[in-house]
Amino acid sequence: MDIASKIDSIKKGTLEIVTEYELTEKIEKETPTAYIGYEPSGKIHLGHAITVKKMIDLQKAGFKVKILLADLHAYLNEKGSLEEIKAISEYNKKCFLALGLTEDTEFILGSRFQLDADYTYKVYELALTTTLTRAKRSMAQITRHQEDHRVAEAIYPIMQVVDMLFLDVDVSVGGMEQRKIHMLARENLSRIGFDAPVCIHTPLIHGTDGAEKMSSSKENFIAIDDPPEDIKEKVKGSFCPPRRVEGNPIIDITKYFIFSEFETIIIERPEKFGGDLKLNYSELESRYAEGKLHPLDLKNAVSKYLIEILGPVREYIG
RNA sequence: CCCGCCUUAGCUCAAUUUGGCAGAGCAUCGGACUGUAGAUCCGAGGGUUGCUGGUUCAAGUCCGGCAGGCGGGACCA
């Protein structure tokens, strides 16, 4: 792969790269490193999968991929006891491999290095240069608490910044909700004399209820190992306003999960509704926007394709 | 450490002055209507009233203790 096509494949489907120029520099390194951190979660869903797919793109473009299983971060965000969290991080690792990351992906449990003295010292160092307001603001879409803020909320983003340092990463990937923490990292790492990573942000997929973000806490997700009946039921029950493409979770799924695998798809329709359709994405989008594709027909097709695409994943996880 | 206010359904809050069957809105679930979902209409479920001891025929309500949250004060040689 030449550099231009590497950039293209990395850029595809992202909302922003900060900065693209720096990315071209990093790509020329012998083995550049890309990283993402996840709070271990009982369910890995399509929202997670978007970012995992991006890590796979990076892997294919020659990046060494590191996945942080951020057990301490999850702990700071009140996801359970450290022991419970460590246990589900094993399950998560399996999910990520099932989605197609290669065996030489490096999985790192956060607590393995985040309790070391030199790590802690760096956290304190950054605690001096980070304002409480910035730290809290960066956590707005991540924390459970919109009020009664805990000190943990301020430690969390600082640790994430130090992670980038200790994992020695060239590129940091995250959904758009990570943006403010990433920007904090870029500002503060340079302040204490280190290179900040390039930040790549992927879109957030809408929840099945139409909420801004699919999340495991809100029960508005489709898990990557949901059985076919559940997928069918969840798709059927999803928010899907006719003619509206923006904020439509079903359109999100077709865009990010189905057309990433297929150039064109077949939408089966009863004869009385016009018969089958064969469409590429832009055709589908414009037809839908014009009201010439009924939400139910779209949903039926999305169920069928999504069940098929997730088949091997489901099987791998067992 | 001291003082004040607060804690009731998943969430926001009622249940006053004067103790008398714990309610509403939102959310959830189910039906109706749409060839989906949503919206709308109808219906249902949902509670150790923070915990604990007491007073009383009867306590969400009154009294004591504890816990948590919010605000203030004090201490600062």
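**View 1. Helices H3, H11 (249-258) and H13 each supply at least two residues of the lining of the second largest pocket.** The model is predicted; local features need pLDDT of at least 70 and side-chain atom pairs pLDDT 80 or more, while totals for chains, interfaces and linings use all residues. Residues are numbered from 1 along each chain as written, chains are lettered from A and ligands numbered from 1 in written order, and side-chain values use heavy atoms, without hydrogens and water. Helices are DSSP runs of H or I with at least four residues, and strands are runs of E with at least two, numbered from the N terminus. A pocket is an open set of points on a 1 Å grid over the protein atoms alone, where a 1.4 Å probe fits, with protein on both sides within 12 Å along at least five of seven lines; lining residues have an atom within 4 Å of a point. Of the 29 lining residues, Lys53, Asp57, Tyr256, Ser260 and Glu261 lie nearest the centre. H3 gives the largest share, 8 residues.

**View 2. The largest pocket is lined by 44 residues.** Nearest its centre lie Glu39, His48, Lys79, Glu177 and Lys213. Strands E2 (33-38) and E5 (171-175) and helices H3 (46-60) and H8 (152-166) each supply at least two lining residues.

**View 3. RNA strand B has 14 residues around it.** Such a residue has a heavy atom within 4 Å of the strand. Ser238, Cys240, Pro242, Asp297 and Lys299 come nearest. Helix H13 (295-317) gives the most to this surface, with 4 residues.
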